[in-house]
Amino acid sequence: MTSHYDHAQIQEFWQYVWERDDVYELDEDAADPTYVLGMFPYTSGTLHMGHVRNYAITDAYSRYRRMQGDDVLHPMGWDAFGLPAENAAFERKTDPESWTQACIRRMREELETMGFGYDWSREITTCEPDYYRWNQWLFKRLYEAGLVEYEAAAVNWCPDCETVLADAQVVERENERSESSDGASGDAASNGSERVCWRCETPVGRRELDQWFFTITDYAEELHDGLDELEGWPDGVREIQRNWIGRQEGARITFEVTGVGDAAGGDEGDLVDVFSTRPETIYGATYLAVSPGHELARALAEGDEERGSADESNGPAARETVAEYVETVRERDPDEVGFSGVETDATAIHPLTGEELPVYVAGYVLEDVGTGAVMGVPGHNERDHTFAREHGLPIERVIVPEDESVETDVEREAYTGEGILENSGEYDGLESGTAGERLVAAHDALEDDVTYRLRDWLISRQRYWGTPIPMVHCDDCGRVPVPDEDLPVELPEFVRTTGNPLDAAEEWNRTTCPECGDPARRETDTMDTFVDSSWYYLRFLSPDLADAPFDTDLANEWLPVDVYVGGDEHAILHLLYTRFFTKALADLGLLERREPIRELMSQGTVLYDGEKMSSSRGNVVAPEEYGAETTRLFVLSAAHPEQDFEWTANNVRGAYDLQQTLYRMATAFVEAGDARLEEREHDDYVAREIDRTIAAVTDEYERFRFHRAATEIQELARLLRRYREYDRPHGEIYRRGLLTLAALIAPMAPHLGEELWNKLRGEGLAVEADWPAPERDASAYQRERQLVDRTLEDVRDIVDVAAIDEPERIELVVAREWKYRAAELVDEAVTADDADGAGTVDVDAVVDRVLADETLEIDA
Ligand code: ANZ
Ligand code: ZN
């Protein structure tokens, strides 16, 4: 028997046993298992430190819950679609499918090597037709429910590759030359950087394409309000989502606009609604502006050819200016558009004063914010101010600060604060908040309104490696969904091309219309991969179900996910989409719950020399010589899961040493058999420490404070070692101590846990063991323990500094009934020393005094 801990061999052995015994498989009849989920990995090739940390957290927690007697659902799968696979395939002359499957094989092996305990019988892979057919099925249900729209939207377009680019494929390139070859965008080049295609470095343009959207905005209110109740989520994440959804209270104000030449042909103008968060500034409105995509802009650009242009409609010159402006703005990045705009021939009537205001089409007014139109109040809104200055529009002050000493010159700068109204007719003198309320109450043209910044979810990707959108385009019938019985619409074979490979797949593309039977074309857009991850947590419940995406009854029993852990880069999109999907599914009658996740944890970053540890930075440390378990034990014991921490070789070594120590202690104990039977005075202290440690570690696991659990475990190990070094230990107490350590460390270091368990008990598995229970109520002992702790700390500091060669003796002395006396003595000695040594403590003297005290003698 060796006392060296051969981690490689031990890991392999226990992994084999776990698999043989199916210990991680969930009992199908479990009533309501604890659902612990780590965000499934994107299949990019290898695991990185973020994955390791993420999965070490969920694994430790699931193991802990399992030992507590819970049924635990802890599954794993692969987020396997996405552009990187396509690019890798392109570069390596293979296809995305083979590349992805190779990544999965490698990553699965890595996860297994780490010893993570997954129920692999539930493995799901999103790029397999068995999975993505349900994306298509769900797309259709959402479509039927009116949650899918098909609309033109601007996309990044590379004119050289002739393809749409995802935002991530657009890179900023520093511009060394001051001259830009692209004359069209003029001033943009002066910024010093430009947006280019990641592959060919051609400057990227904008293009309008018809795209598919999920109307997540229908759920803006619920997504927003629901955040308050997500008490198990980090405040930071909730705040980020709140900001992303961007709820704004204000008013909708209706302006009459004349001079558009509407189809009705009468004198009656068009009605244009604007949204404002500051209705009380209405008397300061000096113009009206609509976005280039607004229907009024469209009407002004197109005019009404049939009616001729002799009437009051937009004159031909203005019409052309508007048309041209709309055209150029659409092809440019919103950042480049700035405060450009064109005046139109139309006129807006101020709803309260009846004054005529000029109407602009302006790029800074966003199409999908509010109503896509604003009343320009340059005196009190910064953007309006800039626009007004650039276009020579009047600036009026209608609010002054209550504090008269505050100077405001709205010609120079907008005053955006609250205050007292002026130049506002009967509302003069009122406080701005009150004025806003009264204005809305008094006038039909103003109405309370709430808007959200949240945009609809553009799910179209003009790429190959994703779920084909199950629609058909027919010349006669328009867009027709593929019938359910024809799902899945499977991907055709991959072809290497610069554009969208699905466009190039001629044969696949040609189909017949499900409605009229005539020849038709398939939709060639695929779905954003975030669709796959929006409901995968449901598929894990019944991964093989053949006639539905998930089992509704089971979902109602088993949900929500109890604990979800992942990186905070998903704080917005993934988590928002998942919430949206859950709500939509509930409205489709497929689910009862409307929120998918009870407790969310965003794990922090692992740093190396202050930088994020990542394979792309080439600073991933794979401590082969210490074994996989050292890595997991280290990442768990280094810091709270939500905190960043620095990877240091020293601390990794510490995690390794702890395993060695525990292993040696168990081996030595089993082999030596030198325990005693009769009780001695300090046995009781050790027995109580075991109980106290159990209580403390339990508490730490409950709160995911693995690092503190590890410290407690280390402390108990230390005490037991001293206990044995000082005197022959009491056999039963010592053995219980070691078994307790085995059980307590098993969730974090499961291989070691098994090995210790096996050595000390010779039967059963730690992974299936009951969580240890204190023999006595340890809570009453907690306060006492705090005192001991303090004393120990003091004494230890002294011992460390003075390099006393009797640390065991001091510690056990303190640990005994005289601990209070020891604390007192240290205190007294330090104070006395301090007093006569004028600020310096003579450590040796303190230690001498403590050791010399007779009441501390041990009768060994
Ligand atoms: C008039 C007004 C007066 C506004 C005032 C503000 C201050 P913030 O500014 O972030 O709080 N807005 C509305 N729809 C818009 C659109 N489609 N594109 C660009 N801007 C738009 O957001 C609220 C304000 O954004 C709104 O309130 C509106 O300007 C502008 F002293 O209306 B406000
Ligand atoms: Zn048809």
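Figure 1. Asparagine 423 lies in the loop between β17 (420-421) and α12 (432-442). Helices and strands here are DSSP runs, numbered from the N terminus: helices are H or I with at least four residues, strands are E with at least two. The model is predicted, so local features need pLDDT of at least 70 and side-chain atom pairs count only at pLDDT 80 or more, while totals for chains, interfaces and linings use all residues. Residues are numbered from 1 along each chain as its sequence is written, and chains are lettered from A and ligands numbered from 1 in the order in which they are written. Although asparagine 423 is not a glycine, its phi is positive, at about 50 degrees. Asparagine 423 is partly exposed, with 14 other C-beta atoms within 10 Å. The cut-offs are as follows: a residue is buried if 20 or more other C-beta atoms, placed from the backbone, lie within 10 Å of its own, exposed if 12 or fewer, and partly exposed in between. Aspartate 22, in the loop between α1 (7-20) and β1 (34-38), is not a glycine either and has a positive phi of about 50 degrees. With 11 other C-beta atoms within 10 Å, aspartate 22 is exposed.

Figure 2. Leucine 487 and proline 488 are joined by a cis peptide bond with omega of about 0 degrees. Proline 488 is in the loop between β22 (478-481) and α13 (501-504). The bond from leucine 559 to proline 560 is cis as well, with omega near 0 degrees. Proline 560 sits in the loop between α16 (552-558) and β26 (561-567).

**Figure 3. The antiparallel sheet around β5.** An open sheet of 4 strands has the order β6-β5-β9-β19, with antiparallel pairing. Two strands count as paired if DSSP finds at least two bridges between them. β6 and β19 (457-458) are the edge strands, each pairing on one side only. Strand β5 (residues 148-158) is joined to strand β9 (residues 205-214) by 10 bridges, and in β9 the bridge partner of glutamate 149 is phenylalanine 213. Between β5 and strand β6 (residues 163-165) there are 3 bridges, with cysteine 158 opposite threonine 163 in β6. β5 and β6 form a hairpin with 4 residues between them, and glutamate 162 in the turn has a positive phi of about 50 degrees.

**Figure 4. The mixed sheet of β29, β28 and β30.** These 3 strands form an open sheet in the order β29-β28-β30, and the pairing is mixed. β29 (611-612) and β30 (645-646) are at the edges with a single partner strand each, so one side of each has no neighbour in the sheet. Strand β28 (residues 606-608) pairs with β29 in the antiparallel sense over 2 bridges. Tyrosine 608 stands opposite glutamate 611 in β29.

**Figure 5. Leucine 738 in the largest nonpolar core.** The largest nonpolar core has 148 residues, and those touching the most other members are Leu662, Ile713, Leu738, Leu741, Ala742 and Ile745. Such a core is a set of buried Ala, Val, Leu, Ile, Met, Phe, Trp, Tyr and Cys residues joined through C-beta atoms within 7 Å. Domain 1 (7-123 + 554-617) and domain 4 (628-776) both give residues to this core, so it lies between them; the domain bounds come from an automatic or database domain assignment. Not counting residues up to four places away in sequence, leucine 738 touches Met665, Ala666, Phe669, Leu720, Leu756 and Leu760. Two residues are in contact if their C-beta atoms, placed from the backbone, lie within 7 Å.

**Figure 6. Tyrosine 55 in helix α2.** Tyrosine 55 lies in helix α2 (residues 49-67). Tyrosine 55 counts as buried because it has 26 C-beta neighbours inside 10 Å. Leaving aside neighbours within four places in sequence, tyrosine 55 is in contact with Gly38, Leu111 and Phe116. Tyrosine 55 and valine 565 are 510 residues apart along the chain, and their C-alpha atoms are separated by 8.2 Å.

**Figure 7. The shell around ligand 1.** There are 17 residues around ligand 1, of which Ser276, Val369, Gly370, His380 and Asn381 come nearest. A residue is near a molecule if its C-beta atom, placed from the backbone, lies within 6 Å of it. β11 (270-276) and β15 (373-376) are the elements that give two or more residues to this shell.
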